[in-house]
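Hi everyone, thanks for making time.

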Amino acid sequence: MFDVEKIRDDFPILSKKIYGNPLVYLDNAATSQKPRQVIDALVDYYENYNANVHRGVHTLSMEATDKFEEAREKVATFINSESSDLVVWTRNASESLNLIAYSWGEANVHEGDEILLTPMEHHSNLVPWQELARRKNAVIKFIPMRENGTLDMDKVDDLITERTVLVSAVHMSNALGTINPVRELGGKAHQQGAKFLVDGAQSVPHMPTNVQELDCDFLVFSGHKMLGPTGIGVLYVKRDILNTMEPFLTGGEMVLEVSYQEASWADLPMKFEAGTPNIADSIGLGSAVDYLNSLGMENVRTHEKNLTTYALNRFKEADLDGMDLFGPDDPEIRGGVFSFNTVDVHPHDLGTFLDRKGIAVRTGHHCAMPLVRSLGVAATVRASFYLYNTEREVDILVDGVTEALRYFRDGSE
Ligand SMILES: Cc1ncc(COP(=O)(O)O)c(C=O)c1O
């Protein structure tokens, strides 16, 4: 059922050569590649029914509106939202988080209130809270992390107090691969009356997501990391909270009645979607969801878990001198993200060496600067897998790193 070679045929870019070598794309945590089906959906929109949505009586506009709203339905079903009107289109996970920080945060976070985060947050789930805390004189706290890159859950009960208004946590870390126990964390937040936000930017693309089971108040993610186009993101909010939130941006499309003096807001979710939306890319994301559903998210997770187990074993066997692999070594609580540091070879040198072999990895702080610094390094090399990666590609990576270390240490490949 999950035939990775057949899947690879759907991704035109995967047959590309880099410096004469087959592309080994291992930068999926940054963005995923797109299958032909998604590319075709974008072309189909522009070639056959390009029109603005929600305001036209003509055929093209009605077709565009139907497809645009159908995409929202698909996304809602994909995350098991009780309704598609709780799914707000944004540009990306970052915009979704900023929307929450302004629309919900401005009204609900007050002086002395506490926001609890994890130390492994992407800057997008850190900086908006820092800014909100600065505006409001609120306090940000962090759940301590254990040596193996997992959260010290024993400390959480003491950290959530009656002043805690929000607990916000990444489901799967983009820098360590750690899969956090978000269900448990949400339960603890709710016990104290705090709201619970899940950053699903790295989890929604890689495992089944069920917002009702997670019982999260907010979920954010980006289309481009889950086979969809760039420029389209998602914000899910529980109805009772979304109903109380003020708009983030105002203008056309999000209004019901407007006079020269004032305006009233449209129903959910349009109230949060000012201006002409990203029609093509929402439809593209709908097509990505169809593609993921055709594979089955359980199968995607199983494939990546197997690949992660394989990669953990391969790196262990290779026993590379001076190489530190970060994150937990249990594939049950780790996604396919491999961040590592080599004592005497700079990550950028290693990344450039690998690129010459056709291997695309990321080097740097992965928008998690405080975390990477807390590991005692300035940067890491990160290889991240997706549903189209193979064990053969893991071999190429491990061999490539082995060769690179030999090259930089004693000048021989
Ligand atoms: C965990 C996590 N959260 C948020 C983001 C932000 O996503 P975007 O850049 O699409 O807004 C990323 C992107 O890498 C991420 O990995």
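I'll walk through two places where helices pack against each other. Please keep in mind that this is a predicted model.

Let's begin with helix H3, residues 59-78, and helix H10, residues 279-295. Their axes are 8 Å apart, and the angle between them is about 45°. At that angle, H3 counts as oblique to H10. As for handedness, H3 passes H10 in a left-handed crossing.

So which residues of H3 and H10 meet? On the H3 side we have Ala64, Lys67, Phe68, Glu70, Ala71, Arg72, Lys74, Val75 and Phe78. Facing them in H10 are Ile279, Ser282, Ile283, Leu285, Gly286, Val289 and Asp290.

Now to the second pair: helix H11, residues 297-318, and helix H14, residues 391-410. Here the axes come within 10 Å, with a crossing of roughly 25°. Because angles under 35 degrees count as roughly parallel, H11 and H14 are described as roughly parallel to each other. And is their crossing left-handed or right-handed? For H11 and H14, the crossing is right-handed.

If you'd like to find this contact on screen, look in H11 for Leu307, Tyr310, Ala311, Arg314, Phe315 and Ala318. Their partners in H14 are Glu391, Val394, Asp395, Val398 and Thr402. The residues where H11 meets H14 divide into seven nonpolar, one polar and three charged.

That's my tour, and I'm happy to go back to either pair.

Conventions:
Residues numbered from 1 in each chain as written. Predicted model: local features only at pLDDT ≥ 70, side-chain atom pairs only at ≥ 80, totals over all residues. Axes fitted to C-alpha atoms, helices over the stretch in contact; angles between N-to-C directions. Helix = DSSP H or I, 4+ residues; strand = E, 2+ residues; numbered from the N terminus. Parallel < 35°, antiparallel > 145°, perpendicular 65-115°, else oblique. Left-handed = near helix turned anticlockwise from the far one by under 90°. Contact = placed C-beta atoms within 7 Å. Nonpolar A, V, L, I, M, F, W, Y, C, P; charged D, E, K, R; others polar.
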